[in-house]
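User: I am new to this structure and would like to understand the labels given to some of its residues. Could you take me through them slowly?

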Amino acid sequence: MSGISKGIRKVEIAVKWDPSAAGQPPTDLDIVAATYLASDPYGDPAYMVHFDSRSPDGTITLNRDSKDGKGFGWDEVLTVELDRLDPRYGRVVVGVIIQQRPDRRTFVSVVKPSLRIREGYTDLATDDFGSVLGSTAARVAEFVRSDSGAWDFHSGVHGFEDDPTSFTSSMGRPHQP
């Protein structure tokens, strides 16, 4: 039956958290996505999408961006239209970064963080970042194009202790347990 599978077509990655306590600096989480060429799936990203950029072809869109978690519902939302990605791209990696200003923060200091990855109305993954409490960033999803052209989802939250710039360079490396 796998020969007729269309695979994952369009996904939404969403993150929410509660605002910092009164008198504390705001907490700012950001979703980032990196797209890799099929010819070099673990090399440097072909392009990155984050709060300050967009994909050149409009297939990866940051729909909502919060700097403090004070929104209603999901504070950060990223849509990835895998079925529209050019065939030269074979891998997309998505991560969540905690902005490190003014103080260094890890997920343990984020109030009620939550992650949801869904296709349509189907939740592919949910998480509370409980397995990466000491991390400043986390890779939360990996999508890989199969030989048939269908996209597969690889779930799992993997923590990193990098600053935002280093994380965007290292998040696409193969996971080392």
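Analyst: Phe129 counts as buried because its relative accessibility is 0%, and buried means under 20% relative accessible area, exposed over 50% and partly exposed in between, with a 1.4 Å probe and protein chains only. This is a predicted model, in which local features need pLDDT of at least 70 and side-chain atom pairs count only at pLDDT 80 or more, while totals for chains, interfaces and linings use all residues. Residues are numbered from 1 along each chain as its sequence is written, and side-chain values use heavy atoms, with hydrogens and water left out.

User: Why is Lys112 called exposed?

Analyst: Lys112 has 63% relative accessibility, and therefore counts as exposed.

User: What makes the phi of Lys112 worth a remark?

Analyst: Most residues other than glycine have a negative phi, whereas the phi of Lys112 is positive, near 50 degrees. Phe129, which is not a glycine either, has a positive phi of about 65 degrees.

User: Which residues does Asp75 contact?

Analyst: Leaving aside neighbours within four places in sequence, the contacts of Asp75 include Val15, Trp17 and Arg64, where contact means heavy atoms within 4.5 Å. The side chain of Asp75 also reaches the backbone nitrogen of Trp17 at 3.0 Å.

Methods. Polar contact = N/O pair within 3.5 Å; in protein donor to acceptor, adjacent residues only side chain to side chain.
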